Amino acid sequence: MSTTSALKLQDLKKNFGKAEIIRGVSLDIGESERHAIIGPNGAGKSTLFNLITGRFPPTSGKVFLHGHDLAGKAPFEINRMGLSRSFQITNIFPKMTVFENVRCALLWAEGYRYSFWNIVNRASHLADATDEILAQINLTERRELPAGVLSYAEQRALEIGITIAGGADVIMLDEPTAGMSHSETDYIVDLIRKVTVGKTLIMVEHDMGVVFGLADRISVLVYGEIIATGKPEEVRANAKVQEAYLGAALEAEH
Amino acid sequence: MTDITQKSTATPAMTMGNTLPWILAAAFLFIAPIIFSSNSAITIMNQMGITMVFALAYNMLLGQGGMLSFGHAVYMGVGGFACVHVMNMTDLFEKMPLPVLPIVGGLVGMLFAIAIGSFSTRKAGTVFAMISLGVGELVAACSVIIVVFFGGEEGVSGDRTYGMPFFGIEFLRQIEVYYLTSFWLLVSALLMFLFSRTPVGRMANAVRDNPERAEFLGYSARWVRFYSFVASGFFCGIAGGLFAINFEILTEENLNLATSGGILLMTFLGGAGFFFGPVLGVVTFVLLQTVLGLQTELWALYVGALFLATVMFFPGGLSGLIMMHVTPMRLGKLNRLYVPYLKVFVPAIIGTLSLCGFIEILFHARHAALGEDEMTIFWTTFSSHAILPWIITIVVAVGGIWLAKQSAPELNEAWHDANTPDGGAR
Amino acid sequence: MDLVLVNLIDGLVTGLLLFMLSAGLTLIFSMMGVLNFAHASFYMLGAYFAYQISIYLGFWMGLLIAPPLVGLLGAGVERYGLRRVHQYGHVPELIFTFGLALLIEEVVQFIWGRNAMPYMEPEILQFTAFSIAGNSIPAYKIFMIFTSVAIFIALLFVLTRTRVGMIIQAALSYPRTVEALGHNVPLVFMGVFGVGTALAGVAGVIAGPVLTTFPGMAVVLGSIVFVTIVIGGLGSLWGALVASLLIGWLTTFAKAYNIRMEDILTGVGFTKPEVIWDSMWQDLWSLTSPQIADILPYLLMVLILVFRPYGLFGKRDV
Amino acid sequence: MHNTVRYGLGAALAMSVSATALFADTVKIAFIDPLSGPFAATGTNGLNQFQFAAETLVNDKGGVLDGDTFEVLGFDNKISPKESLIQLQVAIDQGVRYVVQGNSSGVANALTDAIDKHNRRNPDSQVLFLNYSAVDPALTNEKCNFWHFRFDGHADMKMDALTDVIAQDDSIKKVYVIGQDYSFGKAVGSAAQSMLAEKRPDIEIVGNELHPIGKVKDFTPYARKIQASEADAVITGNWGADMYGLGKSILDNGFEGPIYTYYAAADGMTAAFGEAGKDSIRLISEGAQNPPPTPQAAEYIEAFKAKYPDGNVSQSRITNTIEMLAKAIEEAGTATDVQKVAAALEGMEHETMWGGTVYMRPEDHQAIQNMHVFVHTNDDITYDYDNSGYGMLTESTIENAGADTPTTCDMKRPS
């Protein structure tokens, strides 16, 4: 692991009213690491995710991105610092075309900002970059269709495309394979592996199978606390994890 | 569906397909006054042109930014008032060619939009709508209180001809104003179209569809809304300036809720989903208002009903209705729709007209002067107190609508068929 | 001092009337997310229906029959209009109700004409209940106060003590969950819309004789009603009540006392310019509170939305 | 309403051939006032009165010049200044040379300004503006122009007459003035204040205030204030719903003194006030009906009521407008050269069927005529309003009211 961490969580806590959802999570994720956070339903995975990406403010604790404190930063500011996320529920621009979806994701990173003197249609490099990403996520064929009419797996692929398009070096994916069939899952996992080369990836997953082939390290979140962190094999061997999660979940799923 | 915004083209530069509509529009604007040459026709066309600029600017918010404003007349009005005041500053105005004046209106409209937008665009949806309503009411109320700027009830008037002659043109005649308005209409429409192609314009669409996602793309939804709002304010101000030039007077009417509501009505009628929708809406509305207004006192009733029907059945408006047919046309199956269309719309139209006839008879029977039983509708003259016309209209209305309803499933099927490529569904 | 009491009563009447409208609207708004622009139009229909009925059957039958009629009409509008538009999203819904308001006004003018209707208080209530310093408080106003308070209590009872009320309350806070629990949400929607419009109808029936029954009565009250619920906070019946009373008293007192801007400005320490005519500030200096009384609620709303977007009592964003 | 009178934009759009050629046999008069929307009742009744007056007072008597007849065309301006200007253009295109308008001073201001500009810019299609009801004093003072003639007394003249009457009433010691917050309301307020101060310095103005126009839901707080001020009389220039709301609140609050108004009659208002307003509501206006001033007037009203049972002869100045226009055309010998017609109208004296003489003052084109203060009652009413049994009974008459009111008009006559 490198010395500077890409993302660092410091005793992060979140209460909703009286309910403690996240009870003190500390985590250090290195550059170019693929890190998975797993845990049973209701463990607080999505909440943790939303705390990191600034959607909810934490009750206490801190998040550092490349050593910078994220406290009080709006989502768009966090994004500009190099973190990009996807959503658990498909979150795209349904009325715009597939091409437009990806191109919008590229705009800020390509330095267009709030300009109203550039005509995006004329920027051929923008169109090229968009087409490149479309090719990566295999949606070139669907280019001109409104995103809302794509199939579920295609929408998820598009979502990943939007997430990586901005060129962020820290990519966070929230259950990218939720609700998919096996073949669709394999397809998405391959896609994730392909598009996150050289980037830091943090993904929240429910499905163990997805994570084992993909992640460098795994953290297990149970009732708002991380009970184990380590290489996939280590985690698999961990007794506490076996007890809290794997036993029941694996049996249920396989 | 009907809300798909403009198709993006991969081609980097403007192509023939992109410029052709603009050339056609310019050509049409150029020859229109030769066909409709009377002064009143030109006056109405001026009015249409100004409203088109306003409606297009309004649609930058409604259609492209997803912001529903109930007080947008304010930005046009304020820009217009500023222009009239410039007209009255003789020293300045003498050195200023009239065609430049709308820019003043635009800048003032923009400044005002910056002031209001700084807090109103923080949220979209209902918060934005309610703030726009509140600000609209406040400014409209101020128009009678702040007499210095708004001139109270009688408004502020000026004289456009006191400006510096522009290549010898003094804008004495309506036709000269027409070409001035047309020029600005084209320029503004083109600029607004190009705006929708800029990063902010594109992101406005993204923010409209999904503000949260847009935030995670590095854009602040609030600032994207703000820039759209300011740009819209600028073009509203241009429209206000053109109004000042054409009518040479601005009054409370230019600020009030009725005007704001009217522009919403026209924009929605034309269809907010497409760039040209508002233009269509303005033309339709003005024609309806004049042609129907000529025929019947009840025109507002019919327009209201038509508007409701549009919202209920064709939420994409007229432009949405037209664009719906692009897919069948591409598939070459438009011809399969002709017969079902005839089967539904002929009885439906006849039924609706009969219903209107019935309403007219009722209205006439109740409100006409004593001894004036005679009335004429649909080129037939009869007595509104006789029983036969009542029966005829009711029977035809009910029958027509019933027939249309009977044929509706068939149309539905045909529509589905026409929209599905041959050889299996996707 | 006596006048303060009189104004308190007047403000109370105005506020409670507003409350009857805003109570229905806030229910509809928070359940369905629809800002019903036509709400005040149903209020107007209430007045016109009651007038028509009162010609034949007298005022009391009007009070009894007109509100259910209006409610039925409202339920019909929900069932055959709004529900259809619902699928297109909130903006078309709003626009639908906006168009509906226009249409209702036109229809009312078509049926009853454009002049004011001679819709009167029942004779039994045409006397002065009591006088304060020469100002008579008509018995009818007392009747209005009692009716609206009774409606408020009844509403509160239904919402907090009955099963239907529980469902509605739950739907106010967690619309999706309630649907997930298997309740027939469309039916609940239709019911709430019907009851909400019926409440507006009651307000129309009892306000018609006092505030004149004419085609513009919806427009005059229209937007103030949303202002009320926005200020009060969405989904909060108490918020609607407090905001209604606040607006009622605010406007009444602003009209009743000539608070002059000149006094305020001098009080703050400005000196009035000698040559005031044609000065930019002339209009500001000569401003008085009655001039702006009826636009104060809008100002209040804008301020509230800027600083506290969920209103006085609301729990969630507008 | 018959469709034949509804000319308008459609024809203008359809016919590209400009229709400037005047028909020799008709004199077209454009009536530009609201014919739809909230003020349609007033506008339609006005149009009916104009058409009836043109028919009975001119056409049935052989027309003007060589049998030319008057034709009054209705143009719906939806009480909007913008729409009025469009309709003006349409009317001019259809060969109209005479425009009549009355509802809303805002519209009148826009029209007089537009007509002045039009006549300067288009000397071959000049038009005259015969204002029958818009009473903003400015129209015949600082904003006067050669093309505008007013047949109604303006706000200050009416106030002059009204204060003459009030000055004679010793029981009035305190007066409350209230009006709508716009130019006319303000004009009424300041005129009342200055004129009463001059004629009856002992009268105290206990209130002089403005309320937002068309926005007030409930006038009760104002009524309370009036009561608390112990005023003996109220003066208001309110019209429409604001007049009714204010009057009703004041009466409901137990006020018993006179309420002097400009517009509290006809168009449903008389019926709505009914018993409550009896002997309380006063009206300052020209053109008495009860008792009928002349047999012609009685005959005219009866004929009108026979044709329009729901209508009112509420604006008697309309007959003066039509008759004086006919006379001026005869005198000028032309209906097309409106400069000559205008010159003939200047200084014209006209014996009106409503009693007395109407004099068109050349300095400012303001009609000088008898003004009356009426009381709302059902006693001794020959011709009621709104078929309500209630009508306006003449209480006092001011001969040639305001004949000596000064004008700031600097009339610029075309050379």
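**Sheet and helices**

Mentor: Chain A has an open sheet of six strands, with mixed pairing and the order S6-S7-S8-S3-S9-S10. Strands here are DSSP runs of E, at least two residues, and helices are runs of H or I, at least four, numbered from the N terminus. Two strands pair if DSSP finds at least two bridges between them. The model is predicted: local features need pLDDT of at least 70, side-chain atom pairs count only at pLDDT 80 or more, and totals for chains, interfaces and linings use all residues. Residues are numbered from 1 along each chain as its sequence is written, while chains are lettered from A and ligands numbered from 1 in the order in which they are written.

Trainee: Which strands of chain A stand at the edges?

Mentor: S6 (83-85) and S10 (225-230) of chain A. Each has a single partner strand, so one side of each lacks a neighbour in the sheet.

Trainee: In what sense do S7 and S8 of chain A pair?

Mentor: Parallel, over five bridges, with S7(A) covering residues 170-174 and S8(A) residues 200-205. Leu173(A) stands opposite Met203(A) in S8(A).

Trainee: New topic. At what angle do H8 and H11 of chain B pack?

Mentor: About 175°, with their axes 11 Å apart. Axes are lines fitted to C-alpha atoms, for helices over the stretch in contact, and angles run from 0 to 180 degrees between N-to-C directions. H8(B) and H11(B) are therefore roughly antiparallel (the term covers angles over 145 degrees).

Trainee: And chain C, which domains is it divided into?

Mentor: Domain 1 (2-257 + 290-307) and domain 2 (259-287). The bounds come from an automatic or database domain assignment. Taken over C-alpha atoms, the centres of the two domains of chain C are 39 Å apart.

Terms used. Parallel < 35°, antiparallel > 145°, perpendicular 65-115°, else oblique.
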